[in-house]
Amino acid sequence: GDSVTQMEGPVTLSEEAFLTINCTYTATGYPSLFWYVQYPGEGLQLLLKATKADDKGSNKGFEATYRKETTSFHLEKGSVQVSDSAVYFCALSYNTNAGKSTFGDGTTLTVKP
Amino acid sequence: DVKVTQSSRYLVKRTGEKVFLECVQDMDHENMFWYRQDPGLGLRLIYFSYDVKMKEKGDIPEGYSVSREKKERFSLILESASTNQTSMYLCASSGRGQGATEAFFGQGTRLTVV
């Protein structure tokens, strides 16, 4: 079956530091890939997505590239802010049943001033 | 603005009670989902529905049931609540068709069973 593996957290960074959160996946087909973010006390919201190999998703300064050869979708941001503190989830799903996603365990990011 | 609304943010129930968690979406989405979220375990799918009156089991359906009488509403039912069902419950919906249609989530219901 499908699976998503994220780097273990928690991750603590200083403001303006560079962020990488690793995500690798195992898939039986050709999924779309997503990063969701969960702020304290809230549900998940989509951060960015990529639908096919070599696509780059970007939003709010975050980027991730769909790498089929390494089955990876690493999240990066050049300069984090305190407001980026949240839990980040990598996920995959298929067009035929979008929404029925397979999620990683989540990575907690804390950014200190 | 698209919206998935869960009826309660926090609930405290007693062991053995029947518990209803309600979820409503205003996007005319066909698909609706219930997940539970626990520390270190990520999100696990309990049940989902692709259409009115239709339901399918997810990965952890034991102890739960669901109801979808209207397209916009998807209810999760704990028939007899137990302490191991203390968790954060997340409802989500999504559209259908080509393209990577992402899931839209509600704000979550934190359920405590005492």
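## Worked exercises on chains A and B

B:C23 is buried, its relative accessible area being 0% (buried means under 20%, exposed over 50%, partly exposed in between, with a 1.4 Å probe and protein chains only). Before we dig in, some ground rules. The model is predicted, so local features need pLDDT of at least 70 and side-chain atom pairs count only at pLDDT 80 or more, while totals for chains, interfaces and linings use all residues. Residues are numbered from 1 along each chain as its sequence is written, chains are lettered from A and ligands numbered from 1 in the order in which they are written, and side-chain values use heavy atoms, leaving out hydrogens and water.

### Exercise 1: the disulfides

Find how many disulfides there are over all chains, and work out what B:C23 and B:C91 tie together.

*Solution.* 

- Step 1. Searching the whole structure turns up 2 disulfides over all chains, where a disulfide is a pair of cysteine sulfur atoms within 2.5 Å.
- Step 2. Take chain B: the sulfur atoms of B:C23 and B:C91 sit 1.9 Å apart. The torsion about their S-S bond is about -80°, so this disulfide is left-handed.
- Step 3. Now place the two ends. B:C23 belongs to strand β3 (residues 19-25) of chain B and B:C91 to strand β9 (residues 87-94) of chain B, so the pair ties together parts 68 residues apart in sequence. Strands here are DSSP runs (E, at least two residues), as helices are (H or I, at least four), numbered from the N terminus.
- Step 4. Check the other end: B:C91 also counts as buried, at 0% relative accessibility.
- Step 5. Over in chain A, A:C23 and A:C90 form a disulfide with their sulfur atoms 2.0 Å apart. The S-S torsion of A:C23 and A:C90 is about -70°, so that one is left-handed. A:C23 comes from strand β4 of chain A and A:C90 from strand β10 of chain A, 67 residues apart. Both A:C23 and A:C90 are buried.

### Exercise 2: the cores

Work out which residues have the most contacts inside the largest nonpolar core, and what A:L75 touches.

*Solution.* 

- Step 1. Recall what counts: a nonpolar core is a set of buried Ala, Val, Leu, Ile, Met, Phe, Trp, Tyr and Cys residues joined through side-chain atoms within 4.5 Å.
- Step 2. The largest one has 26 residues, and those with the most contacts inside it are A:W35, A:L47, A:L48, A:F73, A:L75 and A:Y88.
- Step 3. Elements giving two or more residues to this core include β5 (32-38), β6 (44-50) and β10 (86-93) of chain A. The largest share, 4 residues, comes from β10(A).
- Step 4. Zoom in on A:L75. Leaving aside residues up to four places away in sequence, A:L75 touches A:L19, A:T20, A:I21, A:W35, A:L47, A:L48, A:F62, A:E63, A:A64 and A:Y88 (contact: heavy atoms within 4.5 Å).

### Exercise 3: the rings

Classify the ring pair of A:Y36 and A:F103, then name the cluster of rings that A:Y36 belongs to.

*Solution.* 

- Step 1. The structure has 13 aromatic pairs over all chains. In the pair of A:Y36 and A:F103, the ring centres are 5.7 Å apart and the planes stand at 50°, so call it tilted.
- Step 2. A:Y36 sits in strand β5 of chain A and A:F103 in strand β11 (residues 102-103) of chain A, so the pair ties together parts 67 residues apart in sequence. A:Y36 and A:F103 are both buried.

Note on methods:
Phe/Tyr/Trp six-rings, centres within 6.5 Å; stacked < 30°, edge-to-face > 60°.
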